[in-house]
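Hi,

Here is the structure I promised to pass on to you. Have a look at it first, and then read on for what turned up.

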Amino acid sequence: MTERVVLAYSGGLDTSVAIGWMKDKLGVDTIAVSVDVGQGGEDMDVIRQRALDCGAVEAYIADAKDEFATEYCMPSLQANGLYQGQYPLVSALSRPLIAKHLVMAAKQFGATTMAHGCTGKGNDQVRFEVSFTSLAPDLKCVSPIRDLSLQRDVSIAYAEEHHLPIETTKHNPFSIDQNLWGRAIETGFLEDLWNAPTKDVYNYTDDPAFAGIPDEVVITFEKGIPVAIDGVKMTPLQVIQEMNRRAGAQGIGRIDVVEDRLIGIKSREIYEAPGAMALLTAHQALEAVTLERMQLRYKRQMVEPAWSDLVYEAQWNSPLKKSLDAFVAHTQEYVSGDIRMEMHAGRAVVNGRRSEASLYDFKLATYDSGDSFNQGAARGFIELYGLQSKLAAARDGKYGKGITLQASSL
């Protein structure tokens, strides 16, 4: 029996070319596995047929949209997952889920090897292979595009020569990865950092310069998870889809960034994540009124960047990431309530907050009648709070290192 390889098949250039190359170079039969994580744009049955037309002996589709929304996007929302403070981990979130379904397919079809279409320059090769290792260390792994050093122009020529039914051509050279949480676009003329993205780059978002009337939305959260839009109960999948539609119509979530890849190079990436960025804005606003000051500060400054780095760097199943998951889950205990936002012309602006678990006390915050804050206590607080600075300043003065004050000339 010919050896079988399970390939993570996206339907794009690299994975379509990989099927033929593995047959030619390795003499193996390919089982193409496509995991539906809400990428849209094409019917999954069309992608399945494309895999067969490219030479796969089996083509399998896994519907994982609800799983992706609930078990991957929602934890990332609770952690405010943003790599380098900008990228909402669109592709990074999907890879461990796709790897999970590939391993399940390998066991089902009796395959001994896993394969993906990643190049040697990207992060996804690491994400797939580390995930494979953590789930099924006995399986081998190959990467035809990387291992054979196939450049993109060579892959395009191969696809044209063999009449592969794919859209990527020399006239449309973008590499695109998309899912429910967002869309990533790279290569082509975008590799020149001075080139601005053209209108044809975008698909999930309308041009914010031509936004219609403002769209006001109320998002209801329970323990950090959005459960309703404008009072209508929804599943996580439905929430993300609805916010993608409405925030996308306002041009929200366009990101143009040069990021540091795991392998050590910098890469220019264009992202569209309308629903993700709008939901992150709302979630952060609700945390601001429900988390205690030091807890919020530690989560923002320490846990969220670390969590995002781990997910970006292929550590979804790592012990440290699991420990941080526990911290994040604990912080979400009181993150329940409503956030009102106005979405317009590329911006999502919070203009209303309410929560039964809020730490905001109107009587303490107000400057009007009814103020319950004991202002007299502030004098003693300031004296104690500034004591260390006072002592340090006195010491500096004693040794001639105090701050020199000069009168300004008017």
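Where is the place of Ile263? Ile263 is in the loop between strand S11 (254–260) and strand S12 (266–272). Please keep in mind that this is a predicted model. At 36% relative accessibility, Ile263 counts as partly exposed, because partly exposed covers values between under 20% (buried) and over 50% (exposed). Together with Leu262 and Ile265, Ile263 forms a nonpolar patch on the surface, and the accessible area of the three comes to about 200 Å².

Next, the aromatic rings. A pair of such rings is described by the distance of the centres and the angle of the planes. The count comes to ten aromatic pairs. One of them is Tyr87 with Tyr271, a stacked pair at 4.1 Å centre to centre with 15° between the planes. Tyr87 lies in the loop between helix H3 (65–78) and helix H4 (90–109), and Tyr271 is in strand S12, so this pair ties together parts that are 184 residues apart in sequence. Tyr87 is buried, with a relative accessible area of 3%, and Tyr271 is buried too, at 2%.

Phe128 and Phe132 have ring centres 6.1 Å apart and planes at 20°, so they are stacked. Both lie in helix H5 (residues 124–135), four residues apart, about one turn of the helix, and both are buried.

Ring pairs also link Phe68, Tyr72, Trp307 and Trp316 into a cluster. Over the ring of Trp316 sits the charged end of Lys321, 3.2 Å from the ring's centre. Arg127 lies over the face of Tyr312, at 4.8 Å from the ring centre.

Enjoy exploring!

Terms used
Residues are numbered from 1 along each chain as its sequence is written. This is a predicted model: local features need pLDDT of at least 70, side-chain atom pairs count only at pLDDT 80 or more; totals for chains, interfaces and linings use all residues. Side-chain values use heavy atoms; hydrogens and water are left out. Patches are made of residues with over 30% relative accessible area and no salt bridge: like charges are joined within 9 Å, nonpolar side chains (Val, Leu, Ile, Met, Phe, Trp, Tyr) within 5 Å. Accessible areas come from the Shrake-Rupley method with a 1.4 Å probe; for residues, only the protein chains shown count as cover. A salt bridge is a side-chain nitrogen of Lys or Arg within 4 Å of a carboxyl oxygen of Asp or Glu. Helices (H or I, at least four residues) and strands (E, at least two) are DSSP runs, numbered from the N terminus. Buried means under 20% relative accessible area, exposed over 50%, partly exposed in between (1.4 Å probe, protein chains only). Rings of Phe, Tyr and Trp (its six-membered ring) pair if their centres lie within 6.5 Å; planes under 30 degrees apart count as stacked, over 60 as edge-to-face and the rest as tilted. A charge sits over a ring if NZ of Lys or CZ of Arg is within 6 Å of the ring centre and within 35 degrees of the ring normal.
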